[in-house]
Amino acid sequence: MDKRVLEKVEFPLIREKLGRLAASSLGRELALALEPVSDLELIVQRQQETTEARSILRSFSRVPLEGISNIRPSLRKTKVGASLELRELLAVADVLAAGRRLQKFFEPLGEVSPLLQKYAAEIQNFPDLEKRIRDAIVSEEELADRASAELYRIRRQIASINTRIKERLDSIVRASTMQKFLQEPIVTIRENRYVIPVKQEYRNQVAGIVHDQSGSGATLFIEPMAVVELNNRLRECQAAEKREVERILAELSQAVAQVADVIQNNLSVLARLDFAFAKARYSLELDGVEPRFNQEGYIDLPQARHPLLEGEVVPIDLYLGRDFHILVITGPNTGGKTVTLKTLGLLAVMAQAGLHLPAAPGAETAVFDQVFVDIGDEQSIEQSLSTFSGHMKNIIDILTRCTARSLVLLDELGAGTDPTEGAALGMAILHNLHARQTRVVATTHYSELKTFAYRYPRVENASVEFNVETLAPTYNLLIGVPGSSNAFAIARRLGLPEEVIKTARDFLSKEAVRVEDLIKSLEEDRVKAFHDRTEAERVRYRLQSLQERYEREVARLEEERRHTLARARQDALVIVNRARREAEMILAELRKETRNLLERECTQVAQEARSGLAKLREELEEEMEGLLPEERQEAPRDLKPGETVLLTHLNQKGYVLEAPTGNQVLVQMGLMKVMVELEQVQRVAPEAAAAPKSGTGRLYSAKAQEVAAELDLRGLTTDEAVYQVEKYLDDAYLAGLDQVYLIHGKGTGALRKAVQDLLAHHPHIQSFRLGGYREGGTGVTVVQLSK
């Protein structure tokens, strides 16, 4: 896509955020070079990378990405025969180790992340080369003594010579005859040779070679003749050491050169994996979702948020392409029209770049061949273009290049010139794009463009809601409602005399007044419908959550029942086997005794054996009776309303609502009414079914059955969330829960702040904290309720 378009929708800022989330410079390179694509298969693959990496981050505390660095320059050096330095070879070993660790990490994750595991499987490991480098190099400044046998021998020899030189020099400087000749009784080094500091006036008293003198000239650094030969041998050994080090580095570099192309491929894979986890971290930061894609030009972005806005962001519902493919947005300045355009443009680009979107689950977007944008002040002094001319130049380019598969975003269409001519041009431009069936979202102040939607099919009006009472925009996008200017209402609210407002209305044409009144009435109706729909969605979401929780509980109970039966059968089998072994032992003992006892005594032993077996059988029957489930009782067909019953397949109690009809009966179980087979119901004895007599006891009992230990607030506004939390905490307190979990997601942090502000002053709260790693991290607040 055009670089200017990406800059207009602020996509470079998204790339910079991704780059900061990468673990290596290679991942940052991919992040900063990220471009949207129009190939659906490639888009889906990129989205799958993000989704799989996000799933891994939610399941594992650490992904082994350390050690990845850009060693491409080092690999190029080895290919031309150059030797690598110690730090470069260590970096190669780090990259080899990183590839080995990541491949091992992904081995068991085939079901969770098949695509990323496939990437990791492309890595080729060289453990021998890695070990060889590690064994040879101690640090970035030192090669190991054992890097080769020859190096070990040379360094041992150097150490021996050093020791002999120091011993001789120490004996010289300690000699009483030398004390007056020396500036200080020390041994030092000059020009890599051991010397002693001699006073200038005693130069001829100390035989040796002068290598240096002090700045003042008072001290000469002389190598005594007694150690000249040893120093010479030391220099020879040091030269041999240097040659051996160079040989070892050349050898290791050659070994790297032989597999340089493979390591280069490993680097590409490691960079892709690092970048995938950077995208995943950004998805978690945004509380993003993977969108669905289509080729029909449909856009449906529920609860969409601009990812770069900070603070409390009002989500908007954006949809386009099914019932209409042109959307004309009107409304006051600073009301959110331009932000809506940028949100749509940025999210479309992010989706085609493989990034998750900050929206509600179910988000869907089309694959566009191009996104065209005309947003902002296009005035150019250098090109002698006015604002209007700048906009026209952009729009001419858009009309030349756009297709039916393009997305066009136009801000303040027709602005910057005479309102009548500007409105006419705006309608002509929309007419041209309408004929091409291009997906278009345009903002405007011109009232003439509001009527455009009524005259053409598949064109819809929209507006940003404005609160006349507070003189502030609410930032809600109302699709289907043309925006009114609100100029008179604002002027009246600010105190403009009523007679002035009346005079102003008289200057309007009767037709304009009727249209404005009609728009105002329509806007009020649609705003009410919008809020009613929002409330209905909230209730639907709540009911859906309850249903899902009920289904999960039913599945859990059924699974628990199966496990209980399996354990009972297993325990019973253990008891039977034990009984069989003890019986065999008794019989074996009986046979042994029969060979030594008389017939009367045999009879007595046999009787004792029979008694032992009988006693063991009784014990077995008692244990089996406690382990195996009770036998099915006959179906109770005379149940009456109000009787307490046990639903055997769920192991839950309820009470009968209506007398049985046929082979079924209606039972109330917690919040649910269920029709069950009579064979699945057992009558409960009155004492077992006794309920708390007091009203408070019944309330506590009911709450304990209804209230879950967690509340999911994701997708709610802060006002809705605070209301839900207050109600939930009261229910949890009545139910006697000690600890609950409030799931607010990470996102911008506004929802978390609102929830924790409420908790800080709530009377039922003992303490609260953010969740730990396995509790959901900063997306969850763990609340300890007071006793």
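Strand S3 joins strand S4 (residues 193-199) through 3 bridges, and the two run antiparallel. Strands here are DSSP runs of E with at least two residues, helices are runs of H or I with at least four, and both are numbered from the N terminus. Two strands count as paired if DSSP finds at least two bridges between them. Within this pair, Ile189 stands opposite Tyr194 in S4.

The model is predicted: local features need pLDDT of at least 70, side-chain atom pairs count only at pLDDT 80 or more, and totals for chains, interfaces and linings use all residues. Residues are numbered from 1 along each chain as its sequence is written, and side-chain values use heavy atoms, with hydrogens and water left out.

Now widen the view to the sheet. It is open, has 4 strands in the order S3-S4-S6-S5, and its pairing is antiparallel. Strand S3 (188-190) and strand S5 (208-213) each have a single partner strand, so one side of each lacks a neighbour in the sheet. Neighbouring strands are turned by 50° against each other on average, direction ignored. Axes are lines fitted to C-alpha atoms, for helices over the stretch in contact; angles run from 0 to 180 degrees between N-to-C directions.

Helix H9 (residues 149-174) packs on this sheet and touches S4 and strand S6 (219-224). Its direction makes about 10° with that of S4. Contact means heavy atoms within 4.5 Å. Helix H10 (residues 225-258) lies across S4, S5 and S6, and runs at about 75° to S6.

A cavity is a set of points on a 1 Å grid over the protein atoms alone, where a 1.4 Å probe fits but cannot get out; lining residues have an atom within 4 Å of a point. Grid points are joined across faces, edges and corners, and volume is the space filled by probe spheres set on them. The largest cavity has a volume of about 30 Å³. Its lining includes Asp374, Phe388 and His391. Helix H13 (residues 387-401) gives the largest share of that lining, 4 residues.

Finally, the chain. It holds 23 helices and 25 strands. Of its 787 residues, 42% are buried. Tyr475 is found in strand S16 (residues 472-479). Tyr475 is partly exposed, with a relative accessible area of 42%. Buried means under 20% relative accessible area, exposed over 50%, and partly exposed in between (1.4 Å probe, protein chains only).

Methods: On a 1 Å grid over the protein atoms alone, a cavity is a set of points where a 1.4 Å probe fits but cannot get out, and a pocket is an open set with protein on both sides within 12 Å along at least five of seven lines; lining residues have an atom within 4 Å of a point.
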